[in-house]
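Here is a short report for a reader new to this structure. It takes the rings, the surface, the strands and the charged side chains in turn.

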Amino acid sequence: MQFKIKDTKIIISFTFFALVLLLNIFKKTEFLYISIFSAILHEIGHLVALKIFGAEITEFRISLFGCNIKSNKNNKISYYEEILISFLGPFTNLFLSVFLFVVNFNFDNELVKNIIIMNLVMGLFNLLPFNSF
């Protein structure tokens, strides 16, 4: 499925819908919603950084392997800015993990614990040095 919002093409792959259906069938909806929330939050971190540096976003893709953002090749982004853009997604996940850990420290909420774990894993995983799929 594809559509446009302003000049940005939004693509949601069939495999993403298949994964959502499969997780719903096996009653793994909490994991599903936490994963989607964490991935969207992660990408918002990248989007904020791209907008701060004036980059034009041309494509936002959601697939089985997560989300991917493409920006215009004509953007004049320095190497330093590119590092900050790459880091802000994982930083957003790690910040939420630490924030919720501090807030949830005196409580025993299983949902919040799962959100903390998912964001911690997603943040650390995305700091690994390899290219996206």
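## Aromatic rings along a helix

Phenylalanine 95 and phenylalanine 99 are separated by about one helical turn, because they sit four residues apart in helix α3. Helices (H or I, at least four residues) and strands (E, at least two) are DSSP runs, numbered from the N terminus. The model is predicted: local features need pLDDT of at least 70, side-chain atom pairs count only at pLDDT 80 or more, and totals for chains, interfaces and linings use all residues. Residues are numbered from 1 along each chain as its sequence is written, and side-chain values use heavy atoms, with hydrogens and water left out.

The structure holds four aromatic pairs. One of them is tilted: phenylalanine 87 and phenylalanine 91, at 5.9 Å centre to centre with 35° between the planes. Rings of Phe, Tyr and Trp (its six-membered ring) pair if their centres lie within 6.5 Å; planes under 30 degrees apart count as stacked, over 60 as edge-to-face and the rest as tilted. Phenylalanine 87 and phenylalanine 91 are also four residues apart in helix α3, so about one helical turn separates them. Phenylalanine 87 is partly exposed, with a relative accessible area of 37%. Phenylalanine 91 counts as partly exposed at 38% relative accessibility. Phenylalanine 95 and phenylalanine 99 form a stacked pair, 6.3 Å centre to centre and 15° between the planes. Phenylalanine 99 is partly exposed, with a relative accessible area of 46%. Here buried means under 20% relative accessible area, exposed over 50%, and partly exposed in between (1.4 Å probe, protein chains only). Ring pairs link Phe87, Phe91, Phe95 and Phe99 into a cluster.

## A nonpolar surface patch

Which residues make the nonpolar surface patch? They are Phe87, Phe91, Phe95, Phe99, Val103, Leu120, Leu124 and Leu127, and the patch covers about 740 Å². Two elements give two or more residues to the patch: α3 (79–103) and α4 (110–125). Patches are made of residues with over 30% relative accessible area and no salt bridge; like charges are joined within 9 Å, nonpolar side chains (Val, Leu, Ile, Met, Phe, Trp, Tyr) within 5 Å. Areas come from the Shrake-Rupley method with a 1.4 Å probe; for residues, only the protein chains shown count as cover.

Helix α3 gives the most to the patch, with five residues. Leucine 120 lies in helix α4. At 38% relative accessibility, leucine 120 counts as partly exposed.

## Paired strands

Strand β2 (residues 8–12) and strand β3 (residues 57–63) pair in the parallel sense over four bridges. Two strands pair if DSSP finds at least two bridges between them. Isoleucine 12 has isoleucine 62 in β3 as its bridge partner.

β3 also pairs with strand β4 (residues 66–71), in the antiparallel sense over six bridges. A hairpin of two residues joins β3 to β4. Isoleucine 57 stands opposite serine 71 in β4. Arginine 61 stands opposite asparagine 68 in β4.

## A salt-bridge network

The structure holds two salt bridges. A salt bridge is a side-chain nitrogen of Lys or Arg within 4 Å of a carboxyl oxygen of Asp or Glu. Glutamate 59 bridges to arginine 61, with the closest N and O atoms 3.1 Å apart. Arginine 61 is partly exposed, with a relative accessible area of 31%.

Is glutamate 59 buried or exposed? Glutamate 59 counts as buried, because its relative accessibility is 9%. Lysine 70 also forms a salt bridge with glutamate 59, the closest N and O atoms being 3.8 Å apart. This pair links distant parts of the chain: lysine 70 in strand β4 and glutamate 59 in strand β3, eleven residues apart. Salt bridges that share partners join Glu59, Arg61 and Lys70 into one network.
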